[in-house]
Amino acid sequence: MSEGAVEEQSAEDQGVKEQPAEERGGLTLGLRYMIASAFFFSVMGLLVKLVGQRLESSQIVLARAFVALVMSWVAIKRLGISPWGESRRDLLLLRGGLGFVGLSCYFWAVTQLPLGDASVIMHMNPLFVGCLLYTSDAA
């Protein structure tokens, strides 16, 4: 047995409860994923801006969609999940269509506007949704 396994076993035997990451001052796994996600979306925006100098935004959307399709297909097959879901395929197709429109608009904005402006507009999306929901409830 390794030393780490002995230490873990002795801590369990002593009834020592491990503190949550927030109390230890560390980052939880979820926070690490959020930070990584923000970083990689920033890198994506930068790459779209650079590639957008030579290609149309629709070509960039096509390339990203192809990469996402291949990665998703591999993950779905590995997990043994049906690619069309179990129910409500109409909502799945609607989500795909709206995602395509959103990605196309974002990539167009990144290629036409300064990168900071396009990123701010995209990250204000939850605020816009909240305002729309508030106005629809008020009516």
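A pocket here is an open set of points on a 1 Å grid over the protein atoms alone, where a 1.4 Å probe fits, with protein on both sides within 12 Å along at least five of seven lines; lining residues have an atom within 4 Å of a point. Grid points are joined across faces, edges and corners, and a volume is the space filled by probe spheres set on the points. The model is predicted: local features need pLDDT of at least 70 and side-chain atom pairs count only at pLDDT 80 or more, whereas totals for chains, interfaces and linings use all residues. Residues are numbered from 1 along each chain as its sequence is written, and side-chain values use heavy atoms, with hydrogens and water left out.

**First stop: the largest pocket.** Select Arg64, Ala68, Ser72, Arg95 and Gly96, the closest to the pocket centre among its 22 lining residues. Then colour α3 (29–51), α4 (57–79), α5 (89–112) and α6 (115–123), the elements that each give two or more residues to this lining. Helices are DSSP runs (H or I, at least four residues), numbered from the N terminus. The lining comprises 16 nonpolar, four polar and two charged residues. In this grouping, Ala, Val, Leu, Ile, Met, Phe, Trp, Tyr, Cys and Pro are nonpolar, Asp, Glu, Lys and Arg are charged, and the others, Gly among them, are polar.

**Second stop: the second largest pocket.** About 270 Å³ of space lies here. Select its lining residues, including Gly102, Cys105, Tyr106, Asn125 and Phe128. At least two lining residues come from each of α5, α6 and α7 (125–138), and α5 gives the most, with four. Eight of the lining residues are nonpolar and two are polar, with no charged residues.

**Last stop: Val61 and Ser57.** Beyond residues up to four places away in sequence, Val61 touches Phe100, Leu103, Ser104 and Phe107; contact means heavy atoms within 4.5 Å. Next, select Ser57 in helix α4. Ser57 counts as buried because its relative accessibility is 14%, and buried means under 20% relative accessible area (1.4 Å probe, protein chains only). Leaving aside neighbours within four places in sequence, Ser57 contacts Phe107, Trp108 and Thr111.

Conventions. Buried < 20%, exposed > 50% of the residue type's maximum accessible area, 1.4 Å probe, protein only.
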